[in-house]
Amino acid sequence: MKTLYSAKVTTEGGRDGRTTSEDGILDMKLSKPKSLGGEGGDHSNPEQLFAAGYSACFGSALEMIAKNADVDLGDYSVTATIDLGQTEDKDLELSAILDIYIPDIDVETGENLINEAHEVCPYSRATRDNIDVTLNLLIDED
């Protein structure tokens, strides 16, 4: 693999710690959500950061696919929901739901675009066969 970009981030203290990128742009306190036994609060957590990265990356993949197909996405958006769950064996596991809103598009074209984006998005490729990922196309109804 030819490296195009490398991000280096260090987290100290786990879910209740601090995460900092090598360049200092990302520097934030983390807090464990109440549902995981933490105090919650106004700090982020690993699932939110993963959702941010996945939704942004998928959006860029969608833009590339749409450009190649000469399709205008309009004011599209990608919302990622990352769930942290537990299997019957008590193992922790992630799942992802991507809600992709594309205004003024027909269902067939929209589904083709998001399925192609799912094939090329690095996050989708990294999660393939590792976690459940659900893709939902959201469109304007006439």
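These exercises work through a few strands and one surface patch of a predicted model.

**Exercise 1.** Which residues of strand β2 lie on its covered face, and which on its uncovered one?

*Solution.* 
- Step 1. Locate the strand: β2 covers residues 18-21.
- Step 2. Recall the rule: in a regular strand, side chains alternate between the two faces of the sheet.
- Step 3. Assign the faces. T19 and S21 are on the covered face. R18 and T20 are on the uncovered one.

**Exercise 2.** In what sense do β1 and β2 pair, and over how many bridges?

*Solution.* 
- Step 1. Take strand β1, residues 9-12. It pairs with β2 in the antiparallel sense, over 4 bridges.
- Step 2. Look at the link. The hairpin has 5 residues between the strands. There, G13 takes a positive phi near 90 degrees.

**Exercise 3.** Which residue of β3 stands opposite T19?

*Solution.* 
- Step 1. Find β3 at residues 27-29. β2 and β3 pair in the antiparallel sense, over 3 bridges.
- Step 2. Read across from T19, a residue on the covered face of β2. M28 stands opposite T19.
- Step 3. Check the turn. This hairpin has 5 residues between β2 and β3. G24 in the turn has a positive phi of about 80 degrees.

**Exercise 4.** Is L92 buried or exposed?

*Solution.* 
- Step 1. Apply the cut-off. Exposed means over 50% relative accessible area. L92 has 64%, so L92 is exposed.
- Step 2. L36, L84 and L92 form a nonpolar surface patch. Together they have about 260 Å² of accessible area.

Methods. Residues are numbered from 1 along each chain as its sequence is written. This is a predicted model: local features need pLDDT of at least 70, side-chain atom pairs count only at pLDDT 80 or more; totals for chains, interfaces and linings use all residues. Side-chain values use heavy atoms; hydrogens and water are left out. Buried means under 20% relative accessible area, exposed over 50%, partly exposed in between (1.4 Å probe, protein chains only). Helices (H or I, at least four residues) and strands (E, at least two) are DSSP runs, numbered from the N terminus. Two strands pair if DSSP finds at least two bridges between them. Patches are made of residues with over 30% relative accessible area and no salt bridge: like charges are joined within 9 Å, nonpolar side chains (Val, Leu, Ile, Met, Phe, Trp, Tyr) within 5 Å. Accessible areas come from the Shrake-Rupley method with a 1.4 Å probe; for residues, only the protein chains shown count as cover. A salt bridge is a side-chain nitrogen of Lys or Arg within 4 Å of a carboxyl oxygen of Asp or Glu.
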